Amino acid sequence: MAVQVAIDHELVERMIHDLARYGAWGETGVVRKVYTPEWAGAQQQVMRWAEEAGLHTWQDAVGNVWARLQGREDGPSIVTGSHIDSQAPGGRFDGALGVIAGLVALRTLREQFGTPRRTLELVSFCEEESSRFPATNFWGSRAVTGLIGPEEPETLRDYDGVTIADAMRAVGLDPGRIPQAARDDIEVFIELHVEQGPILEQQGLPIAVVTGFPGIRHYLVEVRGRADHAGAMPMDLRQDPMLAAAEMISAVIARAREIGRPAVTTVGRVLVQPNFPAIIPEKVSFTIDVRHPDSARLADLCAAHEQTLRTIASRHGRATSWQITTSHPPCSSDPELVRLLVEAAAEQGIPATTMPSGAVHDAQRMAHIARVAMVFVRSVGGRSHTPAEFTTTDDAVAGIRVLAAGLRRLAY
Ligand SMILES: [Zn+2]
């Protein structure tokens with residue numbers, strides 16, 4: 001028999017609004033970088049809400065917030081949640097909506113159906129966006145999966161040079177205790193997140209169940225030349241790295257365009273040294289972000305990009321080097337969970353589709369220790385990582401109903 005999950009529309013709207021006050025930026029934006037006072041305030045707010053909902057709460061060694069609805073049976077937990085940190089500036093939905101969704105889902109299940117058979121938990125991950133520390137790489141979920149290296153706390157630095165260990169101490173956390181955040185008693189992790197792209201809107205659907213996650217590789221490329229006077233040095237005698245860098249950037253983007261969906265390549269950060277109008281640059285550095293859901297095609301695309309860099313560098317005689325700063329293989333959702341969530345959507349009378357994720361998410365990290373799946377909720381205009389990010393409360397509620405119905409099937 002289909003059991004309808006009734007979600008309090010006003011509660012969801014109020015929580016989205018209230019959580020966005022921590023790190024509010026302009027009218028609709030949020031800047032909530034890990035281990036800042038705004039971040040600490042948001043995590044405390046989540047704990048207060050969870051306690052009001054009758055859940056048992058705690059903060060782990062790395063700063064993730066957890067809330068538990070204890071089941072009647074022993075055994076591993078079924079977990080939902082997302083991240084509390086934001087881009088700088090980001091919107092009020094990326095990550096935050098998944099935390100609120102998990103909170104509302106657990107609260108509603110407890111109120112509507114009582115004590116579950118299996119233990120349910122909410123997690124509000126401390127860090128996902130790398131918006132303060134460029135190399136944290138899913139700091140919160142990596143701590144839970146035991147994947148943070150012992151040297152990392154004292155070596156990772158933010159854009160101002162502060163180590164992540166010092167940033168943790170500033171909010172009362174002890175970096176020496178990070179290994180204690182690891183869990184080996186989680187069976188399932190389901191994350192609700194805004195889609196961050198336009199596919200659902202184009203299809204006229206509020207919800208998708210995510211079938212898999214892209215592989216991703218980040219390059220940091222350096223093209224070197226010689227600084228000289230922008231007026232006095234003739235064009236034929238210059239060692240200007242800008243021309244080669246500009247050609248490289250345009251070539252890798254053009255190649256991904258040529259290949260088409262779902263291949264993507266982005267050059268999102270360019271640094272020019274010394275970065276003055278009347279000086280020929282000495283060095284141009286840029287990042288390349290390459291993604292594809294198929295590992296062989298990702299490898300082919302990366303190999304092609306590397307060949308392009310070599311060819312252009314040698315044509316211009318410009319010393320060029322690169323390092324790979326991030327590399328994750330693609331990963332699939334658990335097929336059984338995907339089926340269960342699709343059925344949960346049908347049971348709730350909510351139109352839904354399935355799709356691969358274009359973005360990387362904590363769920364991908366959690367796949368190291370648990371079966372994972374995700375629920376995507378429509379993003380208006382496909383906008384995300386901007387204060388213009390928006391999801392209607394109707395769509396958010398539809399997503400939470402699917403999440404809650406899925407959790408009910410697993411835990412009751
Ligand atoms: Zn996110």
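In the predicted model, the centres of domain 1 and domain 2, taken over C-alpha atoms, are separated by 34 Å. Domain 1 comprises residues 9–213 together with 330–411, and domain 2 comprises residues 215–328. The contact between them takes eight residues from domain 1 and 10 residues from domain 2.

The chain contains 12 helices and 17 strands. Its radius of gyration is 23 Å, close to the 22 Å that the globule rule gives for 412 residues, so the chain is as compact as a globular protein of that length. The C-alpha trace spans about 80 × 45 × 40 Å along its principal axes. Of the 412 residues, 48% count as buried. Among contacts with a separation of 6 or more, 78% are accounted for by residues 24 or more positions apart.

The largest nonpolar core has 95 residues, and those with the most contacts inside it are Ile 100, Ile 207, Val 375, Ile 400, Val 402, Leu 403 and Leu 407. Helix H12 (residues 393–411) contributes the largest share of this core, with 11 residues. Leaving aside residues up to four places away in sequence, Val 402 touches Ile 207, Leu 341, Ala 344, Ala 345, Gln 348, Ile 350, Ala 352 and Val 375. Another core, of 20 residues, lies apart from the largest one; among its members are Ala 244, Ala 263, Leu 298 and Trp 322.

Within H8, the residues Pro 241, Ala 244, Ala 245, Met 248, Val 252 and Ala 256 are buried. These residues cover an arc of only 100° around the axis, and therefore lie on the same side of H8. On the other side of the helix, Ser 250, Ala 254, Arg 257 and Glu 258 are exposed. The packing partners of the buried residues of H8 are strand E10 (215–224), strand E11 (264–266), strand E13 (283–292) and helix H9 (295–316). Following H8 is Gly 260, which has a positive phi, near 85°.

Terms used. Residues are numbered from 1 along each chain as its sequence is written. This is a predicted model: local features need pLDDT of at least 70, side-chain atom pairs count only at pLDDT 80 or more; totals for chains, interfaces and linings use all residues. Helices (H or I, at least four residues) and strands (E, at least two) are DSSP runs, numbered from the N terminus. The radius of gyration is taken over C-alpha atoms; the globule rule is 2.2 Å times the number of residues to the power 0.38. A residue is buried if 20 or more other C-beta atoms lie within 10 Å of its own, exposed if 12 or fewer, and partly exposed in between; C-beta atoms are placed from the backbone. Two residues are in contact if their C-beta atoms, placed from the backbone, lie within 7 Å. The arc is that of the directions from the helix axis to the C-beta atoms. A nonpolar core is a set of buried Ala, Val, Leu, Ile, Met, Phe, Trp, Tyr and Cys residues joined through C-beta atoms within 7 Å. Domain bounds come from an automatic or database domain assignment.
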